[in-house]
Amino acid sequence: MGSEAKKSRGRKPLVRTRLPMATQRPEDRVKNFNEVPYGYNEAEAVLESQRCLQCRNAPCVKGCPVEVPIPQFIKLVQEGKFVEAAEVIKTKNSLPAITGRVCPQELQCEARCVMGRRYQPVSIGNLERFVADYAREHGEALPELPEPTGKKVAVVGAGPAGLTCAGDLALLGHEVTVFEALHAPGGVLIYGIPEFRLPKDIVRYETNYLKKLGVKIIPNFIIGKNKTVKELLNEFDAVFIGTGAGSPRLLKIPGINLVNVYSANEYLTRVNLLKGYLFPEYKTPVKKGKTVITIGAGNVAMDAARTAKRLGAENSIIVYRRSKKECPARVEEVHHAEEEGIDFRFLTNPIRIIGDENGRVKALECLRYKLGEPDETGRAKPIPIEGSEHIIECDVVIIAIGNNPNPIIPQTTPDLETSKWGTIITNSKTGETSLQRVYAGGDIATGAATVIAAMGAGKIAAKSIHKQLMGHEIDEEEHNLEVGKCDS
Amino acid sequence: MSFEILDTRELNSENTWMKIKAPLIAERCKAGQFVIIRANEKGERIPLTIANWDKEEGSFEVVFQKVGASTLELGTYKKGDLLLDVVGPLGIPTHTEGAGNTVVIGGGLGIAIATPVARAYKEAGNKVHVIIGARTKELLFNIEILESFADGLTICTDDGSFGIKGFVTQPLQEMIDKGEKIDTVFCVGPPIMMKFISKITEKHGIHTVASLNTIMLDGTGMCGACRVTVGDEIKFVCVDGPDFDAHLVDWDEMMARTQAYREEEKIALEHYHKCRAEKALEEQNAQENK
Ligand SMILES: Cc1cc2nc3c(=O)[nH]c(=O)nc-3n(C[C@H](O)[C@H](O)[C@H](O)COP(=O)(O)OP(=O)(O)OC[C@H]3O[C@@H](n4cnc5c(N)ncnc54)[C@H](O)[C@@H]3O)c2cc1C
Ligand SMILES: Cc1cc2nc3c(=O)[nH]c(=O)nc-3n(C[C@H](O)[C@H](O)[C@H](O)COP(=O)(O)OP(=O)(O)OC[C@H]3O[C@@H](n4cnc5c(N)ncnc54)[C@H](O)[C@@H]3O)c2cc1C
Ligand code: SF4
Ligand code: SF4
Ligand code: FES
């Protein structure tokens with residue numbers, strides 16, 4: 001393989017189109033919760049990797065919020081050195097099996113790929129996913145840990161921001177304890193994103209890996225309730241807050257509190273964290289509607305609508321006030337949702353949820369919209385069409401219009417500065433907050449964004465914390481952490 | 001991390017008392033707060049009010065009513081068994097300062113919750129009259145504990161088998177009719193009971209607090225399962241409550257929402273009984289094979 005790869009280098013790429021990943025057939029997968037794509041096999045990965053031109057200036061890297069050394073790892077894939085390729089990625093991104101699956105690549109690394117200018121971009125995400133899975137399945141060596149520094153750091157919240165920060169600090173020799181409010185670590189990765197998109201075994205593997213690095217993870221522990229940030233500062237040398245944007249936004253329309261109106265968080269938590277899809281063996285119930293309407297068109301909405309289908313809904317409908325072009329979800333998710341028969345009602349917006357005599361949902365009243373001039377976000381502004389009221393009968397409604405920052409920490413930490421949106425104000429280049437020795441990052445600082453942005457923030461904070469602990473000056477390092485919005 | 005059960009006792013045919021080791025919870029908790037328990041990997045997250053606690057021993061107590069699959073299963077746990085997950089104390093403690101002449105009302109299982117709250121009102125310097133009620137004599141409990149500190153105690157049963165025959169609203173109405181000075185009413189129990197108490201006190205302009213037990217999931221404000229309409233606002237019971245101004249709560253909406261899983265609860269119960277029966281059979285077979 002090695003010699004072949006060498007030959008192909010420097011040669012004009014002949015393959016213009018990317019190699020698709022094999023997936024479960026739509027008619028099969030809507031009946032199970034197994035992962036949809038199977039992932040590349042070794043031969044496919046090598047084939048796709050050969051499409052990479054190994055550009056010297058590597059624009060793709062600038063599209064990645066944590067600057068994964070993309071050409072370097074892809075070169076190792078070309079050479080069949082998969083474990084080494086994973087090691088290269090892990091110098092910048094500690095959770096590649098996850099980001100390979102959930103990053104909005106089409107807006108990030110792959111958006112800048114040179115191949116994409118004329119043909120299709122290299123499947124960077126699929127390759128990242130492949131090498132991470134390969135390394136996991138073929139046994140990764142634990143990195144050598146430095147001498148303990150004797151410094152202690154508390155991390156609040158076990159989402160991607162907190163876990164990344166914890167991992168980086170452990171690798172620098174610090175003693176790290178992660179406090180998590182729920183009974184399992186992972187944040188949105190464990191309670192929000194469904195099994196069919198991100199198998200929970202992968203999340204568990206990654207959290208176990210951290211435990212092997214010596215990170216202590218304490219579940220069922222709510223900072224602000226069991227202990228305050230102030231108290232943590234007495235026991236620890238520094239505190240990182242990565243509590244996410246876990247407070248559901250609800251629509252201000254009549255009927256929002258009818259029975260069987262869910263926030264996407266509730267619906268997905270019942271199914272993912274508590275395995276409601278295995279009810280009654282697992283005891284947490286979830287309503288299996290005949291017609292389920294999800295409002296919104298981000299990743300969260302796609303996850304909810306596709307979950308509903310898998311729970312047996314005959315119709316799973318997405319109602320979104322803009323058009324397909326404006327869907328904030330990953331392109332792959334919208335595509336998979338379409339394949340699975342999700343019924344998209346674009347340019348449609350709900351005005352009222354209608355209940356029956358027992359206070360249960362029976363229909364949704366909507367208005368049709370048309371697109372007008374671009375608004376302040378640059379997207380065409382949807383304008384309601386007069387007299388277009390219509391009723392869609394349904395028995396479950398899921399609201400997936402976004403999340404606000406989790407309020408527990410700001411409420412219980414006086415002097416911690418927050419914005420009018422409730423996010424914790426940080427220096428985005430260092431993760432520092434208004435409180436000495438307290439750092440923050442991820443969705444709690446930016447509002448709902450992406451997994452990779454949260455991880456990037458965790459990394460930046462880990463660097464600053466390390467400098468503080470070692471008595472160095474904290475400086476603002478240059479990096480291009482652009483926070484892609486994922487406003488559901 | 002697991003949580004050891006230090007002791008259990010059947011209070012009566014419906015209610016079980018349980019003491020659980022959890023120093024962190026015992027150290028912090030205050031009257032009116034609750035915990036969420038997930039007994040095992042397949043379990044539901046069950047919210048239960050902290051009925052009592054002992055800082056020195058590092059333990060707290062709950063009393064629960066076996067109404068469905070999850071609470072029935074929890075009832076099979078015995079002294080020495082481990083609970084997989086316990087998180088708390090959750091919710092805002094009951095505000096007891098300056099409540100004045102207070103009537104604390106506990107209906108049914110609500111007696112367990114009313115007890116520490118009544119004690120907290122008393123300890124905060126208020127005069128406390130307690131009214132408790134149950135369907136029948138057998139389901140009453142905590143009488144001696146309440147007698148030991150309350151300034152007055154009235155007991156009712158629906159069937160008249162003990163104390164006054166009738167609902168807890170009756171003695172409350174009588175106190176009001178007699179012109180007794182009442183500054184605050186605190187109530188906890190079935191929503192329908194709280195709704196009627198609220199109707200009575202509203203007429204007389206008596207400040208009334210109700211402790212709500214909506215359906216919950218995470219208990220940290222993440223899911224909105226517990227939401228209720230209070231006045232013209234939506235509140236999350238787990239983080240904004242569980243106590244709310246009873247006159248502002250939309251009771252009908254809340255009652256409908258607690259019934260959300262009626263059908264599923266039946267399925268869960270059937271499944272539970274089937275599993276218990278199968279397990280019993282297996283054990284019997286194993287015995288015979290020995
Ligand atoms: C359904 C869904 C699908 C998504 N899909 C994608 C996708 O495909 N691609 C993508 O890039 N992004 C996606 N996102 C967004 C992404 O998941 C988030 O941006 C990311 O998880 C943020 O990470 P975080 O670490 O900041 O917070 P979170 O992942 O929210 O984790 C925060 C953790 O902190 C815990 N916590 C909160 N308060 C406390 C406290 N007081 N004490 C202790 N612990 C506490 C929470 O329980 C939680 O576990 C999705 C989000 C959702 C909800
Ligand atoms: C803050 C809070 C504190 C609570 N404290 C206690 C307590 O100290 N002791 C106690 O026994 N229970 C308490 N509850 C109620 C308890 O959580 C439920 O009884 C339990 O979850 C029922 O689970 P199950 O599977 O056994 O029954 P299910 O099968 O789920 O329900 C059976 C019956 O109980 C009703 N029910 C279900 N959930 C609730 C609920 N959350 N509240 C009221 N009725 C419900 C149903 O309508 C149904 O009629 C509390 C609830 C909350 C939110
Ligand atoms: S982390 Fe995400 S953006 Fe960066 S290279 Fe990997 S898939 Fe692309
Ligand atoms: S821009 Fe595309 S072709 Fe160039 S190095 Fe990056 S992935 Fe390879
Ligand atoms: S229980 Fe989830 S928000 Fe209250």
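Contact, as used in these exercises on a predicted model, means heavy atoms within 4.5 Å.

**Exercise 1.** Determine which residues join helix α5 to helix α9 in chain A, and describe how the two helices are arranged.

*Solution.*
1. Helix α5 of chain A covers residues 70-78, and helix α9 of chain A covers residues 124-137.
2. From α5(A), the residues in contact are A:Ile70, A:Phe73, A:Ile74 and A:Val77; their partners in α9(A) are A:Ile124, A:Leu127, A:Glu128 and A:Val131.
3. Sorted by class, this contact comprises 7 nonpolar residues, no polar ones and 1 charged.
4. The two axes come within 11 Å and cross at roughly 60°.
5. Angles of 65 to 115 degrees would count as roughly perpendicular and those under 35 as roughly parallel; α5(A) and α9(A) are therefore oblique to each other.
6. The crossing of α5(A) past α9(A) is left-handed.

**Exercise 2.** Identify the residues that surround ligand 4 and classify them.

*Solution.*
1. The shell consists of A:Cys52, A:Leu53, A:Gln54, A:Cys55, A:Pro59, A:Cys60, A:Cys113, A:Val114 and A:Ile124.
2. Its classes are 8 nonpolar, 1 polar and no charged residues.
3. A:Ile124 belongs to this shell and also takes part in the contact of α9(A) with α5(A).

**Exercise 3.** Locate the two partners of the salt bridge between A:Arg322 and A:Asp375.

*Solution.*
1. The N to O distance between the side chains is 3.5 Å, and the cut-off for a salt bridge is 4 Å.
2. A:Arg322 lies in the loop between β8 (315-319) and α16 (331-339) of chain A, whereas A:Asp375 lies in the loop between β11 (361-374) and β12 (380-384) of chain A.
3. The partners are 53 residues apart, and the pair links distant parts of the chain.
4. Over all chains, the structure holds 46 salt bridges.

Technical notes:
Residues are numbered from 1 along each chain as its sequence is written. Chains are lettered from A and ligands numbered from 1 in the order in which they are written. This is a predicted model: local features need pLDDT of at least 70, side-chain atom pairs count only at pLDDT 80 or more; totals for chains, interfaces and linings use all residues. Side-chain values use heavy atoms; hydrogens and water are left out. A residue is near a molecule or strand if one of its heavy atoms lies within 4 Å of it. Ala, Val, Leu, Ile, Met, Phe, Trp, Tyr, Cys and Pro count as nonpolar, Asp, Glu, Lys and Arg as charged, and the others, Gly among them, as polar. Axes are lines fitted to C-alpha atoms, for helices over the stretch in contact, and angles run from 0 to 180 degrees between N-to-C directions. Helices (H or I, at least four residues) and strands (E, at least two) are DSSP runs, numbered from the N terminus. Angles under 35 degrees count as roughly parallel, over 145 as roughly antiparallel, 65 to 115 as roughly perpendicular and the rest as oblique. A crossing is left-handed if the near helix is turned anticlockwise from the far one by less than a right angle, and right-handed if clockwise.
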